Amino acid sequence: MIWNEPQECMSRDNMHSLQSRRLQDMVSRVYHNVAFYRKKMQELGLEPGDIKLIDDLPKLPFTTKTDLRDNYPFGLFAVPKSEIVRVHASSGTTGKPTVVGYTRRDVDMFSEVVARSLCSAGASRHDIIQIAYGYGLFTGGLGLHYGSEKIGATVVPISGGNTAKQLQLLQDFGSTVLACTPSYALYLAESMKEAGIDPQELPLRLGIFGAEPWTEEMRKAIEEALSIKAIDIFGLSEIIGPGVSCECENQNGLHIAEDHFVPEIIDPSSLDPITKENTGELVFTTVTKEALPLLRYRTRDLTSLNYEACSCGRTTVRMHKCTGRSDDMLIIRGVNVFPSQVESVLLELRETMPHYLLIVDRVGALDTLEVQVEVDDQYFSDEMTKLEALSRKIKHAVESVLGVSVKIKLVEHKTIQRSEGKAQRIIDKRKL
Ligand code: DLL
């Protein structure tokens, strides 16, 4: 079912006009209400009237996470504080969190885009949606919650963690949809197996997974382990939260709610717009948001855009599954390495489990990369020669994809810490 057909299926020309109209209004709002943007635009010699069409976007200044931090907590808000009905924040690894705010209309729009996402994933009012994203300052729990209520589904607001209870409710309530991070889905699948629960016996049929990168190989592993269809949902708190984009049942690119969030792809070094089909950094301009409208926000996520019509009937642009961020990229002895590349290789080998950790260090002047991976119990052996042969096999497979030498450390099942939210897969000791 398409939740909002007029918006999700309009012609490209109409979308272009709608975005242009909304952009004009938004630029005028930030110019008059946010000192930070007024100053930035003045520095570029720009006035609101100079922006008429969506094609004028490249004239506008970028916004970065640092800008949000520098204006912590509420400095970029475009409305009086009395208009703010909710705040969320993303923790970040260093320093102050990034704080985002919502007006009543922003919360409605947030629910609307999540409702669209859920419908495109194949959920409906007949579903029982178990929300195992964290509730709280993180946007995942409440974001999915409001969207699920909007489509009229039954919400089970269990939040993240409490794995035994998750399994109990999946069984007792017969949840049909599970919403959580892909890494937590995998953890739940593993716990189910240990508890002797057969996923095929459960009514669970659909997963709405996001908030962290995951590969196609990981999707396959989760779909098999839970016996469900796994749909990718993407978003970031700065833009709204989950629901910025989501796959349809074709699982071939994530439809962006581009009547609200206009995407661009730029070259992260030159900052020039690049041909949409090529991979680069994803940038969003929010054209309807009231509390925290952002001009050309640099997400650091790497992807490409596809404007081809989708057989689901939606005409909205699709972004390619996002498998990395520019700041997740490890540079090992000058070679660019993405954790997702390692994940793809490990998941294709039948002896390894989808639980791994990358440890980067520097010995003298040399960067080292250790890949710790769990070995399936049936392949774990007391015989050194067998384990060594397996380690060599994995090393060869990983090195041929990455192009740098790595050290493989085979570990027993359940050695690597499981995640209830966003998985931490890299320990970079060079930065410690
Ligand atoms: O993770 C919002 C969210 C909640 C999305 C629930 C989906 C489901 P933040 O905590 O601000 O917001 O983190 C945003 O997470 O810039 C991406 O790097 C990454 N990310 C989010 N979804 C995906 C995804 C939420 N489906 C950052 N695939 C983003 C890959 C994702 N990366």
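**Holes, a pocket and a ligand**

Modeller: By class, the second largest cavity is lined by 7 nonpolar and 3 polar residues, with no charged ones. Bear in mind throughout that this is a predicted model. The volume of that second largest cavity is about 50 Å³. Its lining is made up of Leu68, Asn71, Pro73, Phe74, Gly75, Leu76, Phe77, Thr98, Val99 and Leu292. You'll find Pro73 in the loop that runs between helix H4 (65-70) and strand E1 (84-90). So much for the part you asked about.

Now the other cavity. The class breakdown for the largest cavity is 5 nonpolar, 6 polar and 3 charged residues, whereas the lining of the second largest cavity has no charged residues.

Next, a space that is open. The second largest pocket has a volume of about 790 Å³. It is lined by 27 residues, and Lys193, Ala221, Ala225, Met353 and Pro354 are the closest to its centre. At least two lining residues come from each of helix H8 (182-194), helix H9 (216-226), helix H10 (339-348) and strand E18 (352-363). Both domains take part: domain 1 (1-326) and domain 2 (330-428) each give at least three residues to the lining of this pocket. By class, the pocket lining splits into 12 nonpolar, 4 polar and 11 charged residues.

Then there's the ligand. The shell around the ligand holds 20 residues, and Asp232, Ile233, Ser237, Asp301 and Lys422 come nearest. Strand E7 (229-236) and helix H6 (139-150) each put at least two residues into that shell, with the largest share, 5 residues, coming from E7. Sorted by class, the shell has 9 nonpolar, 5 polar and 6 charged residues.

At Ile233 the backbone does the work: one of its N or O atoms sits 2.7 Å from a nitrogen atom of the ligand. Arg325 uses its side chain, where a polar atom lies 3.0 Å from an oxygen atom of the ligand. The side chain of Lys422 also has an N or O atom 2.8 Å from an oxygen atom of the ligand. As for cover, the ligand taken alone exposes 600 Å², and the protein buries 94% of that.

Ser159 has a positive phi, near 70°, and is not a glycine. Look for Ser159 in the loop between strand E4 (154-156) and helix H7 (163-172).

Notes. Residues are numbered from 1 along each chain as its sequence is written. This is a predicted model: local features need pLDDT of at least 70, side-chain atom pairs count only at pLDDT 80 or more; totals for chains, interfaces and linings use all residues. Side-chain values use heavy atoms; hydrogens and water are left out. A residue is near a molecule or strand if one of its heavy atoms lies within 4 Å of it. A polar contact is a pair of N or O atoms within 3.5 Å; within protein, one must be able to donate a hydrogen and the other to accept it, and residues adjacent in sequence count only if both atoms are side-chain atoms. Accessible areas come from the Shrake-Rupley method with a 1.4 Å probe; for residues, only the protein chains shown count as cover. Helices (H or I, at least four residues) and strands (E, at least two) are DSSP runs, numbered from the N terminus. Ala, Val, Leu, Ile, Met, Phe, Trp, Tyr, Cys and Pro count as nonpolar, Asp, Glu, Lys and Arg as charged, and the others, Gly among them, as polar. On a 1 Å grid over the protein atoms alone, a cavity is a set of points where a 1.4 Å probe fits but cannot get out, and a pocket is an open set with protein on both sides within 12 Å along at least five of seven lines; lining residues have an atom within 4 Å of a point. Grid points are joined across faces, edges and corners, and a volume is the space filled by probe spheres set on the points. Domain bounds come from an automatic or database domain assignment.
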